[in-house]
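Subject: A structure for you to explore

Hi there,

Here is the structure I promised to pass on. Please open it beside this email, and then read on for what turned up in it.

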Amino acid sequence: MNLHEYQAKEVFSRFGIPVPSGAVARTPAEAVASAERLGGSTWVVKAQIHAGGRGKAGGVEVCRSPDAVGEVAGRLLGKRLKTHQTGPDGLPVHAVWVEQASDIGRELYLSLVVDRARECLSFIASAEGGMEIETVAASDPEKIVTVPLPPDPGVPAYVTRILGGAFRMESPQLSALASLLSGLERCLRESDASLIEINPLIVTRGGVLLALDAKVNLDDNALGRHATLAAMDDPSQRDPAEDEAARAGLNYVALDGEIACMVNGAGLAMATMDLIQLKGGRPANFLDVGGDATAARVTEAFRIFRANPRVRSIFVNIFGGIVRCDLIAEGIIAAFKEVAPGVPVIVQLEGTRAVEGRRMFAESRLPIETASGLARAAERAVRAAGGAA
Ligand code: GDP
Ligand code: MN
């Protein structure tokens, strides 16, 4: 689960990580009132979406009057914001964060991640933070340093010294850095976050360290012990099909291709997507219906496919090991009666009671194509979707 910047900054404050003062607003009038209440003469209005790249996409604006704050909020709220991280449709902006503008001296990059390769937590840092960090990573990777942490909680002094050096900080700033790093480490550990990223971490002209941006990814498997964080979930930032699928007990991941896939077993589902790709098509989703696929689940899967306007064909690939192919066939036939898919359906059944399953399709007289042989079935699905193969 991801947090919005405004939620992440609220969490940061609880761990003593310094952030600019600000307020969240859901209407332009609230944004104006927030600016007036915060005081000062310059504010920043920031669209709250679960994606970065907002600065380059008009989602972060510096304003010099409360009226200007209201105008920017009016332009952003209720619209979708598209950035290089969102995909073509963008994400809906239901809230803006209004904060007192900071007087930026330097923009640094700092993150703390669960580093799976090293089996520890690692800080990642660069003196060249800000909106061009991806370019720095690609062209000058030596400007980004990774500092692994030892297993015990806390941030040892030598880590602060390494990072202080990477940031080219003077000694008076090192104590502020030490406190920020230990706040960050506690925040990640105690929130069960998998990543916390501050880009930019700034040093103001006055020499103060501030987290100007905040990104937090939480481990979904640990949400059960974080009711306050779990309540910050914003489903509007996700593909609704993924939530519907989760409610129906389906393991579904939306992708951007044209061929909907329904497969039993995660490994077979991955192999099926590879095969589609190999034959020149693109999967519209990953879907593992599970080993105990019921008619209700199959119907729910068809409903999700139906709601996706990009889908041009449906490819069902079932290997009956524990699951019985005739039961799957029964489910698909029932699903058809409830939700006519409106696109060609190609079914590949193999294993337990596959012959019976194929016969049921033939007898149903529904427009379902049964193929024998996985490679041929994938070709049919790709061709039916108008692709190569
Ligand atoms: P992102 O583009 O989605 O990562 O959004 P950020 O929160 O990182 O903001 C993008 C950029 O806006 C930052 O790198 C800053 O250069 C600029 N910015 C954000 N807040 C302020 C501020 O308070 N003052 C000034 N001068 N610039 C800001
Ligand atoms: Mn940023």
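Which residues of α1 are buried? They are E5, Y6, Q7, A8, K9, V11 and F12. Here, buried means under 20% relative accessible area, exposed means over 50%, and partly exposed is in between, with a 1.4 Å probe and protein chains only. Helix α1 covers residues 5–14, and because seven of its ten residues are buried, the helix is largely enclosed by the rest of the structure. Just after α1, G16 takes a positive phi of about 75 degrees. Helices (H or I, at least four residues) and strands (E, at least two) are DSSP runs, numbered from the N terminus.

A word on the ground rules. This is a predicted model, where local features need pLDDT of at least 70 and side-chain atom pairs count only at pLDDT 80 or more, while totals for chains, interfaces and linings use all residues. Residues are numbered from 1 along each chain as its sequence is written, chains are lettered from A and ligands numbered from 1 in the order in which they are written, and side-chain values use heavy atoms, with hydrogens and water left out.

The overall picture

The protein has 13 helices and 18 strands. Its C-alpha atoms fill a box of roughly 80 × 50 × 40 Å, taken along the principal axes. Of its 389 residues, 48% count as buried. Contact means heavy atoms within 4.5 Å. Among the contacts with a separation of 6 or more, 69% are between residues 24 or more positions apart.

The manganese ion

Which residues coordinate the manganese ion (ligand 2)? N199 (O) and D213 (OD) do, at 2.1 to 2.2 Å. N199 lies in strand β10 (residues 193–204) and D213 in the loop between β11 (209–211) and β12 (215–218), so the pair ties together parts that are 14 residues apart in sequence. N199 is buried, with a relative accessible area of 13%. Donors here are N, O and S atoms within 2.8 Å of the metal (3.2 Å for Na, K and Ca); water is not among the atoms, so sites may look incomplete.

Two helices that pack

Two packed helices are described by the angle between their axes and the distance between the axes. For helix α2 (residues 28–38) and helix α3 (residues 66–76), the angle is about 145 degrees and the axes are 8 Å apart. The axes are lines fitted to C-alpha atoms, for helices over the stretch in contact, and angles run from 0 to 180 degrees between N-to-C directions. In this pair, P28, A31, V32, A35 and E36 of α2 meet P66, V69, G70, A73 and G74 of α3. The residues of this contact divide into seven nonpolar, two polar and one charged. For this count, Ala, Val, Leu, Ile, Met, Phe, Trp, Tyr, Cys and Pro are nonpolar, Asp, Glu, Lys and Arg are charged, and the others, Gly among them, are polar.

Is Q48 buried or exposed? At 1% relative accessibility, Q48 counts as buried. Q48 is in the loop between β2 (43–47) and β3 (60–63). Leaving out residues up to four places away in sequence, Q48 touches several residues, including H4, Y6, W97 and Q237. The side chain of Q48 also reaches the backbone nitrogen of Y6 at 2.9 Å, and a polar atom of that side chain lies 3.1 Å from the backbone oxygen of K46.

Q237 sits in the loop between α7 (227–230) and α8 (240–247). Q237 is buried too, at 8% relative accessibility. With residues up to four places away in sequence not counted, Q237 touches H4, Q48, I49, H50, L91 and P92.

- R297 is in helix α10 (residues 295–307) and is buried, with a relative accessible area of 19%.
- G321 is in the loop between β16 (313–320) and α11 (325–338) and is partly exposed, at 44%. G321 and N264 are 57 residues apart in sequence and 9.7 Å apart in space, C-alpha to C-alpha.
- I162 is in helix α5 (residues 157–166) and counts as partly exposed, at 41% relative accessibility.

Happy exploring!

Terms used: Polar contact = N/O pair within 3.5 Å; in protein donor to acceptor, adjacent residues only side chain to side chain.
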